[in-house]
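Student: I would like to learn how to read a protein model feature by feature. Could we go through one together?
Tutor: Gladly; here it is.

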Amino acid sequence: MGAVSFQFIYAWIHNEESMDQFHAHADRIYIGSARLNANADVMAGHIQRLFGLDYTNYPEIEKTVVMHNYQPGEIQFIAGGRNFEGTALIPDSTFFDLFSFPLLYGNQQALGDPSSILVTEQFAKKVWADEYPIGKRVQIKCDQEGSYQVAGVMKNIPSNSSIYFDYLVPRHSQDFWRRMPQDLIL
């Protein structure tokens with residue numbers, strides 16, 4: 001029993017130490033955060049908008065991505081007339097400049113197309129079973145609504161990722177997302 005407990009603890013520690021280390025820029029990715037008053041906790045947010053920052057004035061900042069996060073129950077993914085629960089990230093097209101999530105099908109430039117959507121392999125199997133998902137039409141409904149076409153399938157998100165999602169929707173596919181975004185900075 002002691003040996004098995006040790007193995008579980010070792011596996012957990014190894015997983016924690018390797019958190020997000022699969023990203024090529026893991027050691028240089030930061031999340032924008034601020035304390036909005038002296039009694040508040042530090043919170044992640046869209047620091048650029050909150051404080052009127054122009055990141056181009058900071059040469060040490062190579063790239064940024066702004067993204068919104070919608071949890072299951074806060075957003076609907078509708079395919080073939082059925083609603084599927086899933087976690088959505090709504091990032092800028094620069095998402096893959098910071099993160100190294102590999103694709104099985106499609107290409108990373110799909111986030112530049114406002115009518116495209118990327119899904120994870122696991123979510124694609126949940127929605128379409130063994131059908132090829134590329135080109136399938138889906139609807140997204142939350143504080144915004146839109147019609148999208150699946151343009152890529154990503155490998156499943158590793159267990160040692162602090163970012164989890166089932167699908168990516170291009171941020172510029174809608175004029176305004178009501179969910180408070182976060183700045184991630186390289």
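Student: In which sense do strand 4 and strand 13 pair, and over how many bridges?
Tutor: This is a predicted model, and in it strand 4 pairs with strand 13 in the antiparallel sense, over four bridges. To see one of these pairings, look at Val66, whose bridge partner in strand 13 is Asp183. Strand 4 also pairs with strand 7, residues 88-91, again antiparallel and over four bridges. There, Met67 has Pro91 as its bridge partner.

Student: Why is strand 4 described as largely enclosed by the rest of the structure?
Tutor: Burial here means under 20% relative accessible area. Strand 4 covers residues 64-70, and because five of its seven residues are buried, the strand is largely enclosed by the rest of the structure.

Student: Now charged pairs. How many salt bridges does the count come to?
Tutor: The general idea is that side chains of opposite charge can pair when their charged atoms come close. The cut-off for a salt bridge is a side-chain nitrogen of Lys or Arg within 4 Å of a carboxyl oxygen of Asp or Glu, and the count comes to six. One of them joins the side chains of Arg28 and Glu62, at 2.4 Å from N to O. Arg28 sits in the loop between helix 1 (2-17) and strand 1 (30-31), and Glu62 in the loop between helix 2 and strand 4, so this pair ties together parts that are 34 residues apart in sequence.

Student: Which residue does Lys63 meet in a salt bridge?
Tutor: The partner of Lys63 is Asp97, at 3.4 Å from N to O. Lys63 belongs to the loop between helix 2 and strand 4, while Asp97 is in helix 3 (residues 95-98), so this pair too links parts 34 residues apart in sequence.

Methods
Residues numbered from 1 in each chain as written. Predicted model: local features only at pLDDT ≥ 70, side-chain atom pairs only at ≥ 80, totals over all residues. Heavy atoms only, no water. Buried < 20%, exposed > 50% of the residue type's maximum accessible area, 1.4 Å probe, protein only. Helix = DSSP H or I, 4+ residues; strand = E, 2+ residues; numbered from the N terminus. Pairing = 2+ DSSP bridges.
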